[in-house]
Amino acid sequence: MKHLVFAAGLLGASAAFAETPELVVYTYDSFVSDWGPGPAVEKAFEEACGCDLKLVGTGDGAALLARVKLEGERSDADVVLGLDTNLTAAAKETGLFAEHSVSADFALPVEWNDATFVPYDWGYFAFVHNADATAPADFKALAASDKKIVIQDPRSSTPGLGLLLWVKAAYGDEAPEIWKGLSDNVVTVTKGWSEAYGMFLEGEADMVLSYTTSPAYHLIAEEDGSKAAAAFGEGHYMQVEVAGKLANTDQPELADQFLAFMVSDAFQSIIPTTNWMYPAVTPEGGLPEGFDTLIAPEKSLLLSETEAAEVRDVALGEWLDALSQ
């Protein structure tokens, strides 16, 4: 009888476990790292949803879309978190994403009315350097200097793609010459942001492509004011990171709940000191102390999703030509 009771208990536990809905979210590696937003987001959402939130790291941001396109309608993902406006047009063209019904009082520098993707944070790309070193004030000065830089591959990384569009937005037809000048400054091109930033911290480069908000991490988390972002006269290219629901999800209501949770204070208050970006909705407590020390670009650059899609291949070709010489 004891064995029968024990077996029945196991079956009951298994049934209860099987009934727990699972939401699979594809995102980038740094999001799910121990120091990223993932652990806190997972805990907070599971408390609200009574579900199992499975965050799956798939490399860097641009690799997300490639994976979803490869998997197509067979994808295990319910939500994709980590694309940006440079990739949203291409994502919509796949037909794999469904519209959302989320509304929020967004604190973005641009108006937001996208029916498919919901923003969760934003920032400006910048080259981060040691604060005690003199930094160039624009791309031409950087190219003329002996500064060694680490950048990310635009085919796998959203910062890498953002850099291409930054140069293109600032210089237009002059972009190939800018890349020609920068080619001997590039120490290496990494697949993703984490590898590049790690190389910079290890002293393998003078500057790394990152964000104006990156020094806040060192200041707040490490009480270290030794890092700074270089202010460029051409302006800084903006990134708005987004998430979207896959049309073939078997958890549509749970996916909708997650997207709505994403713009809530419970999620947005996590972003500044884990993803080290500006939240898409200002948290009730405001921004953490230290964010007020960051540089504020005098000029913001951002191509529309249509413009970004139109120039992406051209910009990529210019970049490849310059770095292959």
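**View 1. The largest nonpolar core and its most connected members.** Of the 99 residues in the largest nonpolar core, Leu83, Phe127, Phe139, Trp166, Phe258 and Phe267 touch the most other members. A nonpolar core is a set of buried Ala, Val, Leu, Ile, Met, Phe, Trp, Tyr and Cys residues joined through side-chain atoms within 4.5 Å. Buried means under 20% relative accessible area, exposed over 50%, and partly exposed in between (1.4 Å probe, protein chains only). This is a predicted model: local features need pLDDT of at least 70, side-chain atom pairs count only at pLDDT 80 or more, and totals for chains, interfaces and linings use all residues. Residues are numbered from 1 along each chain as its sequence is written, and side-chain values use heavy atoms, with hydrogens and water left out.

**View 2. Surroundings of Phe258.** Which residues does phenylalanine 258 touch, not counting residues up to four places away in sequence? They are Leu23, Val25, Val41, Phe45, Leu53, Val79, Leu81 and Phe267. Contact means heavy atoms within 4.5 Å. Phe258 and Phe267 are both listed among the core members that touch the most others.

**View 3. Crossing of helices α7 and α13.** Helix α7 spans residues 158-171, and helix α13 spans residues 305-324. Their axes come within 9 Å and cross at roughly 95 degrees. That makes α7 roughly perpendicular to α13. Angles of 65 to 115 degrees count as roughly perpendicular, under 35 as roughly parallel, over 145 as roughly antiparallel and the rest as oblique. From α7, the contact uses Leu161, Leu164, Leu165 and Lys168. From α13, it uses Ala308, Val311, Arg312, Val314, Ala315, Leu316, Glu318 and Trp319. By class, that is nine nonpolar, no polar and three charged residues. Here Ala, Val, Leu, Ile, Met, Phe, Trp, Tyr, Cys and Pro count as nonpolar, Asp, Glu, Lys and Arg as charged, and the others, Gly among them, as polar. Axes are lines fitted to C-alpha atoms, for helices over the stretch in contact, and angles run from 0 to 180 degrees between N-to-C directions. Helices (H or I, at least four residues) and strands (E, at least two) are DSSP runs, numbered from the N terminus.

View 4. Leucine 316 lies in α13. Is leucine 316 buried or exposed? Leucine 316 is buried, because its relative accessible area is 18%. Leaving aside neighbours within four places in sequence, leucine 316 is in contact with Pro154, Arg155 and Leu164. Its C-alpha atom is separated by 31 Å from that of histidine 100, 216 residues apart along the chain. Leucine 320 is also found in α13. At 33% relative accessibility, leucine 320 counts as partly exposed. The C-alpha atoms of leucine 320 and serine 304 are separated by 23 Å, at 16 residues apart along the chain. Leucine 323 touches Trp179, Ser183 and Val189, not counting residues up to four places away in sequence. From leucine 323 to glycine 198, 125 residues apart along the chain, the C-alpha separation is 22 Å.

**View 5. The buried face of helix α9.** Helix α9 covers residues 193-201. Its buried residues are Trp193, Ala196, Tyr197, Met199 and Phe200. Seen down the axis of α9, they fall within an arc of 155 degrees, so they line one face of the helix. The arc is that of the directions from the helix axis to the C-beta atoms. Glycine 203 follows α9, with a positive phi near 85 degrees.

**View 6. Two non-glycine residues with positive phi.** Glutamate 223 is not a glycine, yet has a positive phi of about 55 degrees. It sits in the loop between α10 (214-221) and β9 (227-229). Glutamate 223 is exposed, with a relative accessible area of 73%. Tryptophan 276, not a glycine either, also has a positive phi of about 55 degrees. Its loop runs between α12 (265-268) and β11 (278-279). Tryptophan 276 is buried, with a relative accessible area of 9%.

**View 7. Threonine 20 and its contacts.** Threonine 20 is in the loop between α1 (2-19) and β1 (22-27). At 34% relative accessibility, threonine 20 counts as partly exposed. Threonine 20 touches Gly50, Cys51 and Asp52, not counting residues up to four places away in sequence.
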